[in-house]
Amino acid sequence: MYSEKVMDHFANPRNVGELEGANAIGEVGNPKCGDIMKIYLRIENDVIVDASFKTFGCGAAIATSSISTELVKGKTIEEALNISNSVVTDALDGLPKEKLHCSVLVEAGIRSAIADYYKRQGIDPEPIVGCGYDCDSCHGH
């Protein structure tokens with residue numbers, strides 16, 4: 001059912017916990033299954049130099065969170081924004097169909113953290129990152 005990579009990232013998650021010096025933090029959740037992910041990034045000169053996560057959820061949510069921190073490290077912001085749920089799924093050698101939402105959660109988490117980074121810089125993130133669908137703080141969507 002799960003690939004060896006999924007099982008490895010679940011049993012031995014990388015980069016777990018809060019990241020000291022993080023200047024970009026994203027938090028996303030899936031109300032249907034209850035998974036919640038918080039991703040921490042440290043960005044310097046538009047490059048993600050470090051990443052970590054805290055996830056409450058199933059094994060697939062933990063595995064996708066873990067691999068996402070490895071995928072973003074060393075990437076420019078632009079490159080990180082191109083990490084789609086399919087990139088995450090491929091990096092784990094696949095996910096069961098019923099667990100694909102975990103990779104979507106991770107994609108949203110990365111975007112949320114990058115949006116937070118831009119907000120901290122006083123820059124409107126929506127033209128760069130897209131709509132975060134946080135309608136309570138949105139411009140009237």
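Close-up 1. His9 sits in helix H1, which spans residues 4-11; helices here are DSSP runs of H or I with at least four residues, strands are E runs of at least two, and both are numbered from the N terminus. This is a predicted model, so local features need pLDDT of at least 70 and side-chain atom pairs count only at pLDDT 80 or more, while totals for chains, interfaces and linings use all residues. Residue numbers start from 1 along each chain as its sequence is written, and side-chain values use heavy atoms, with hydrogens and water left out. Is His9 buried or exposed? His9 counts as buried because its relative accessibility is 4%; the cut-offs are under 20% relative accessible area for buried, over 50% for exposed and partly exposed in between, with a 1.4 Å probe and protein chains only. The side chain of His9 makes a polar contact of 2.7 Å with that of Ser66. For a polar contact, two N or O atoms lie within 3.5 Å; within protein, one must be able to donate a hydrogen and the other to accept it, and residues adjacent in sequence count only if both atoms are side-chain atoms. Leaving aside residues up to four places away in sequence, His9 touches Arg14, Ile62, Ala63, Ser66, Ile67, Glu70 and Leu92, where contact means heavy atoms within 4.5 Å.

**Close-up 2. Where H1 packs on H2.** Two packed helices are described by the angle between their axes and the distance between the axes. For H1 and H2, the angle is about 90° and the axes are 8 Å apart. Those axes are lines fitted to C-alpha atoms, for helices over the stretch in contact, and the angles run from 0 to 180 degrees between N-to-C directions. H1 and H2 are therefore roughly perpendicular to each other; that label covers 65 to 115 degrees, with under 35 counted as roughly parallel, over 145 as roughly antiparallel and the rest as oblique. On the H1 side, Val6, His9 and Phe10 meet Gly59, Ile62, Ala63, Ser66, Ile67 and Glu70 of H2. Sorted by class, this contact has five nonpolar, three polar and one charged residues. The nonpolar class holds Ala, Val, Leu, Ile, Met, Phe, Trp, Tyr, Cys and Pro, the charged class Asp, Glu, Lys and Arg, and the others, Gly among them, are polar.

Close-up 3. Ser3 belongs to the segment before H1, and it counts as buried because its relative accessibility is 15%. Which backbone atom of Val6 does the Ser3 side chain reach? The backbone nitrogen, at 3.1 Å. The Ser3 side chain also reaches the backbone oxygen of Leu92, at 2.5 Å. Apart from residues up to four places away in sequence, Ser3 touches Leu92, Asp93 and Gly94.

Close-up 4. Side chains of opposite charge can pair when their charged atoms come close. How many salt bridges does the structure hold? There are eight, each with a side-chain nitrogen of Lys or Arg within 4 Å of a carboxyl oxygen of Asp or Glu. One of them joins Lys5 and Asp93, at 3.9 Å from N to O. Lys5 is in helix H1 and Asp93 in the loop between helix H4 (85-91) and helix H5 (100-120), so the pair links parts of the chain 88 residues apart. Lys5 is partly exposed at 38% relative accessibility, whereas Asp93 is exposed at 51%. Another bridge pairs Arg14 with Glu70, with the closest N and O atoms 3.6 Å apart. Here the two residues are 56 apart in the chain: Arg14 is in the loop between H1 and strand S1 (24-29), and Glu70 is in helix H2 (residues 59-72). Arg14 is partly exposed at 23%, and Glu70 is partly exposed at 37%.

**Close-up 5. The network around Arg42 and Asp50.** Arg42 and Asp50 meet through their side chains in a salt bridge of 3.6 Å, N to O. Shared partners join Arg42, Glu44, Asp50 and Lys73 into one network of salt bridges. Arg42 is partly exposed at 23% relative accessibility, but Asp50 is buried at 19%.

Close-up 6. Asp46 has a phi near 65°, a positive value in a residue other than glycine. Asp46 lies in the loop between strand S2 (36-44) and strand S3 (47-56), and its relative accessible area of 42% makes it partly exposed. Asp93 isn't a glycine either, yet its phi is positive at about 60°. Asp93 is found in the loop between H4 and H5.
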